[in-house]
Amino acid sequence: MTTRMTSPERMAAVMSGQKPDRVPVVPFIEGYATNITGISLGDFYADGDMCFDAQFASMRLHGYEQTPMYGYASCGAWEFGGKIGFPYRKGQGAPYVEEHPVNKVEDVENLKVPDFRDELPGAYKEADKVAAKCAERGMPVTVQIGSVFTAASVIAETSKFFNWVVTKPDVVHQILDKVSDMFINAVDYFADKYGPKNLLPFDGGPSESNTMISAKMFEEFAYPYVKKIHDHVRERGIPAVLMHPCADQNGNIPYYVKMREENDWSGKYVWLFGPETSIKTQIDAFGDHDVICGNINPPLFQSSSYDEVLELCRENIEEGMNSPSGYILAAGCEFPPNAAPIKVMAMVDAAEMYGKYS
């Protein structure tokens, strides 16, 4: 009989290439956790202590394996001197950009890379509060170190940025280089403070998706800077990175494979693709070495019944357990903040019912 594991033991087994008692569950919950402690979504992002407390309470209540983290897609604008708004109004789901630090080409020269020495820039103040509480409890410290391309696309006024990709590529490369330096500084700050072995940094964003740029553009504008950061991750001795290529990035997969081959890193990537990328495609590309995450379409958690979610999870689990290097049941992007708690229960129930290893 398989001994029942704790959540930390379950994750440790997967990350070390061993079989846990059942597949771990990482619902990719952030804003949903506000339902557990009764705070507003705005306070969740504006106060790192509240952010941690809500996620920690949700984790304990539901019994899944995800530990607290702090991050959002519009990271970068605030850190480089712009202004963001917090999601206090109805219909808002995450922090959003109110003022871009770059609105004309001349602004690029004035961009100063945050060095993290005297004061943490922008959202990293709140991220550090979450990190400290995770470290105190022996949980991995998950901080945002990408994506460079997505961050650049909100540092500059977004429509102009995508126009410059075609008309002023040199300007775009200047922004990307400065953003990558910021993320490298973030890696160094958190690695120095909490220890490289305790980090599980997070990289990923939607602007690289093939609905936004072609795979050829990804090669030119995204890949060099992704590789620059991940080479530094290897140099710092960080053992794992959570990767979330958001939306349709099927055309970019060869470059992610190339990155793994070129940086000769002994650590593990935890791949969390969107629902546009099949589990089989992920296993074929990364399954010999890395951990594959399930990728159930997030809106289905809100629109489907408990039984329907259970069935979606069953199908995902049966495919994912074929991965030779480990599998985690997950949503393909952030779990909907307004989904009913019973949908999280369905994920954990599915892992217990269908995800046990013999």
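Where is the place of A247? In this predicted model, A247 is found in the loop between β5 (240-243) and α11 (253-263).

## Annotation and overall make-up

The UniProt record, an unreviewed entry, carries the annotation "domain: Uroporphyrinogen decarboxylase (URO-D)" for residues 7-352. Over that stretch the chain comes out at 49% helix and 8% strand.

Six strands make up an open sheet with parallel pairing, and the order reads β1-β8-β7-β6-β5-β4. The edges belong to β1 (25-26) and β4 (202-203); each has a single partner strand, so one side of each is left without a neighbour in the sheet.

In soluble globular proteins, nonpolar side chains tend to be buried together. Here the largest nonpolar core has 102 residues, and the members that touch the most others are Y70, Y124, F149, F161, I175, V179 and F183. Helix α9 (residues 169-194) gives the most to this core, at 14 residues. There's also a second, separate core of 15 residues, with L200, F202, V270 and V291 among them.

Skipping neighbours within four places in sequence, F149 is in contact with F161, F162, V165, L176, S207, E208, I213, F221 and A222.

## Helix α7

The buried set is V148, F149, T150, A151, A152, S153, V154 and I155. What do the buried residues of α7 pack against? They pack against β3 (96-99), α8 (158-167), α9 and α10 (215-235).

A cis peptide bond joins G146 and S147, with omega at about 0 degrees. S147 lies in the loop between α6 (124-136) and α7.

Two residues other than glycine have positive phi values worth a look. F28 has phi near 60 degrees; this residue is in the loop between β1 and α2 (34-37), and at 6% relative accessibility F28 counts as buried. Back to A247: its phi is about 65 degrees, positive although the residue is not a glycine.

## Cysteines

How many disulfides does the count come to? The count is 0. A disulfide is a covalent bond between the sulfur atoms of two cysteines. For C51, the closest cysteine sulfur is in C134, and at 9.1 Å that is too far for a bond. C75 isn't in a disulfide either, as its nearest cysteine sulfur, that of C51, is 13 Å away.

Are C51 and C75 buried or exposed? C51 is buried, with a relative accessible area of 0%, and C75 counts as buried too, at 4% relative accessibility.

Definitions and conventions
Residues are numbered from 1 along each chain as its sequence is written. This is a predicted model: local features need pLDDT of at least 70, side-chain atom pairs count only at pLDDT 80 or more; totals for chains, interfaces and linings use all residues. Side-chain values use heavy atoms; hydrogens and water are left out. Two strands pair if DSSP finds at least two bridges between them. Helices (H or I, at least four residues) and strands (E, at least two) are DSSP runs, numbered from the N terminus. A nonpolar core is a set of buried Ala, Val, Leu, Ile, Met, Phe, Trp, Tyr and Cys residues joined through side-chain atoms within 4.5 Å. Buried means under 20% relative accessible area, exposed over 50%, partly exposed in between (1.4 Å probe, protein chains only). Contact means heavy atoms within 4.5 Å. A disulfide is a pair of cysteine sulfur atoms within 2.5 Å. UniProt positions are given in the numbering used here, feature names are shortened, and annotations may be inferred rather than shown by experiment.
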